[in-house]
Amino acid sequence: MSAYQPPIADLAFALEHVVDYPFIAGLPGFEHAELATAVELLAQCGEFAASALAPLNSSGDAQGSRLERDGTVTTPDGFKQAYARYVEAGWGCVPLPEEYGGGGFPHTIGVALQELLTGANMAFSLCPLLTQGAIEALLHYGGTELKDRYLPRMVSGEWTATMNLTEPQAGSDVGALSTRAVRREDGSYGISGQKIFITYGDHDLSEQIVHLVLARTPGAPAGTRGISCFLVPKHHVHDDGSLGMRNNVTTVSLEHKMGIHASPTCVLAYQDATGHLLGEENEGMRIMFVMMNSARLAVGVQGLALAERAYQQSLEYAGQRRQGQGAGAAAAGSAIIDFPDVRRMLLTQRASISGLRYLMLYNAGCVDRSNHDPDPAARVRAAELAALLTPICKAFGTDVGNELTSLAMQIHGGMGYIEDTGVAQHVRDVRIAAIYEGTNGIQAADLVARKLPVRKGAAVLEFLATMRAIEVELDAAGPDFAGIRTALAGQFDALEQATTWMLQRPAADVEAALAGSTPYLRMWGLCSSAWLLARGALAAAASCTPERAHTQLVLARFYAQQLLPQCSALLGAATAGSGDLFALDASALSSAWPRPTAPMA
């Protein structure tokens with residue numbers, strides 16, 4: 001397996017020239033986070049990720065975490081030491097509030113850090129990722145006493161955290177959960193029930209684990225309206241901050257998974273465990289979405305990060321593997337990188353990864369603007385864009401991540417199918433990203449049912465108009481950009497047509513919109529990525545070296561002319577409605593036809 005090379009130069013270019021990070025760094029509260037400082041910080045984190053985390057990726061996959069006889073969970077060799085170095089260096093606290101010991105950097109830089117950590121070792125990165133989601137929930141809904149008691153050591157990374165949502169009968173249908181929370185005289189709650197698929201539900205990286213648990217109080221309304229959120233620590237915490245007795249939370253088993261073997265995915269049992277209410281009773285879904293929205297963008301980054309790691313490996317292999325004779329070669333023994341189809345796969349990876357990186361960082365920048373822009377109207381508009389882009393980033397990012405890691409395996413040929421090369425691990429690890437934190441189908445439904453109707457469609461149409469404004473810039477940039485402009489204009493037309501169709505669906509015909517939601521979301525992912533790639537090409541032509549300008553132009557042109565046409569091809573599927581989807585009875589979907597009762601003539 002090739003060594004991980006942190007893509008610092010590409011991140012720096014994206015921050016400066018594509019997502020306007022200098023503007024974000026100029027917002028109130030970010031004066032210490034100027035571009036040069038941020039890039040140097042990313043370079044240092046990249047060195048840590050490459051030297052401390054990446055070497056554990058393969059060994060952690062092979063060894064996995066294990067449940068001991070005494071009920072404790074042990075992570076693979078080296079993980080505990082690496083996590084101690086992570087905490088000591090303070091990488092987890094960089095984008096978190098200074099009030100609780102954080103670095104106060106923009107969320108945009110936090111997302112860039114997540115890419116580096118995930119690209120080096122996805123299984124390791126899941127632990128701090130979930131901790132940050134829990135911190136967000138506690139910041140928004142925790143009382144002063146809970147914040148003061150838990151946040152400083154969660155922010156530092158000394159304590160980790162989990163999200164406990166899923167139960168055997170309550171997966172995507174969270175409202176079906178049955179975990180109970182009974183209020184006690186002292187104001188705490190007794191939590192009883194079982195949760196499954198709990199990432200880092202138990203481990204040996206930190207002494208304390210803070211579980212955020214969804215549960216239902218007696219007499220609560222049915223469904224999602226009756227869900228509350230509770231903070232349930234692994235160990236009780238004394239008033240002086242020291243840890244006390246263990247709470248009544250036990251690890252029943254670890255799941256045996258396809259990938260991310262080093263990450264312990266636990267089944268947890270709560271038996272009258274002590275919990276503390278966050279927010280108010282029956283406010284759990286609102287709190288859950290604070291955690292989930294943070295996690296959904298981070299999961300989109302997982303698709304990007306694993307695609308980058310697999311691309312680096314496939315590029316190196318393509319330059320070394322010699323097979324056959326390339327066109328124009330004097331003799332046999334050409335490197336496979338000289339063959340057109342391999343070049344097509346490599347350029348598909350490279351251009352798609354750049355587009356995804358820009359999209360993730362742009363989304364994160366919208367989050368920063370929504371929280372820090374001094375103009376209230378700008379904050380509202382940025383919040384609308386962040387909400388719109390989050391399901392697109394999560395679903396499109398992980399779908400493309402799966403596709404690109406598969407391309408990396410294809411470039412390796414049969415050697416990629418052998419575990420020893422390490423490519424198969426990337427394919428296995430990234431597969432979960434399209435499933436957890438809300439399946440990609442749920443993201444698509446969220447896009448058309450919740451985000452599209454904002455301001456009766458005006459929010460999404462305004463963003464489409466913002467993207468279309470680049471057509472004028474491309475037109476003025478000269479003949480090198482003409483093909484990009486033509487391609488974008490046609491695909492923007494298709495996206496606009498699909499959006500108009502979606503907005504015109506009556507409320508009674510929501511099934512038609514949902515039927516086309518997945519191809520529609522992909523249309524958005526393709527167009528927004530192409531738009532940002534074009535921005536990068538224009539910026540590089542104006543202010544970068546000729547080499548960088550040429551690279552960005554080729555990436556934008558290849559994407560616009562060879563990948564983006566998928567958008568218009570999806571228009572029919574996006575607007576077809578649900579008729580054919582339900583035209584066959586469920587029994588007719590089976591390919592096992594009933595056995596004939598008599599010989600056929």
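How many residues does helix α3 have, and how far does α3 reach from its first C-alpha to its last? Select residues 35-53 and you have it: 19 residues reaching 25 Å, close to the 27 Å expected at 1.5 Å a residue. That expected span is 1.5 Å times one less than the number of residues. Helices here are DSSP runs of H or I with at least four residues, strands are runs of E with at least two, and both are numbered from the N terminus.

Before moving on, some housekeeping. This is a predicted model, where local features need pLDDT of at least 70 and side-chain atom pairs count only at pLDDT 80 or more, while totals for chains, interfaces and linings use all residues. Residues are numbered from 1 along each chain as its sequence is written, and side-chain values use heavy atoms, with hydrogens and water left out.

**Stop 1: around α3**

Stay on α3 and colour its buried residues: L35, A38, L41, L42, C45, G46, F48, A49, A52 and L53. Buried is under 20% relative accessible area, exposed is over 50%, and partly exposed is in between (1.4 Å probe, protein chains only). Look down the axis of α3: the buried residues fall within an arc of 165°, so they line one face of the helix. The arc is taken over the directions from the helix axis to the C-beta atoms. Next, show what covers the buried residues of α3, which includes α1 (8-18), α2 (21-25), α4 (55-63), α5 (79-89), α6 (107-120) and α7 (122-141).

**Stop 2: the cavities**

The count comes to 3 cavities of 30 Å³ or more. On a 1 Å grid over the protein atoms alone, a cavity is a set of points where a 1.4 Å probe fits but cannot get out, and lining residues have an atom within 4 Å of a point. Points are joined across faces, edges and corners, and a volume is the space filled by probe spheres set on the points.

For the largest cavity, select Y86, Q114, L117, P128 and Q132, which lie nearest its centre among 13 lining residues. The space in there is about 120 Å³. Which helix gives the most to this lining? That's α6, with 5 residues. By class, the lining of the largest cavity has 7 nonpolar, 6 polar and no charged residues. For the classes, Ala, Val, Leu, Ile, Met, Phe, Trp, Tyr, Cys and Pro count as nonpolar, Asp, Glu, Lys and Arg as charged, and the others, Gly among them, as polar.

The second largest cavity has a volume of about 60 Å³. Its lining includes Y83, Y86, P128, Q132 and M154. Here α7 gives the most, with 4 residues; α5, α7 and α8 (144-156) each supply at least two.

**Stop 3**

Jump to Y200, in the loop between β5 (189-199) and β6 (209-216). Y200 has a positive phi of about 55° although it is not a glycine, and at 1% relative accessibility Y200 counts as buried. Then try I260, in the loop between β10 (249-254) and β11 (265-278). I260 has a positive phi of about 35°, again without being a glycine, and I260 is buried at 5% relative accessibility.

**Stop 4: Q491**

Finish at Q491 in helix α16 (residues 482-503). Is Q491 buried or exposed? At 10% relative accessibility, Q491 counts as buried. Show its contacts (heavy atoms within 4.5 Å): Q491 touches C527, L564, P565, C567 and S568, not counting residues up to four places away in sequence.

How values were computed:
1 Å grid on protein atoms, 1.4 Å probe; cavity = no way out; pocket = protein on both sides within 12 Å on 5 of 7 lines; lining within 4 Å.
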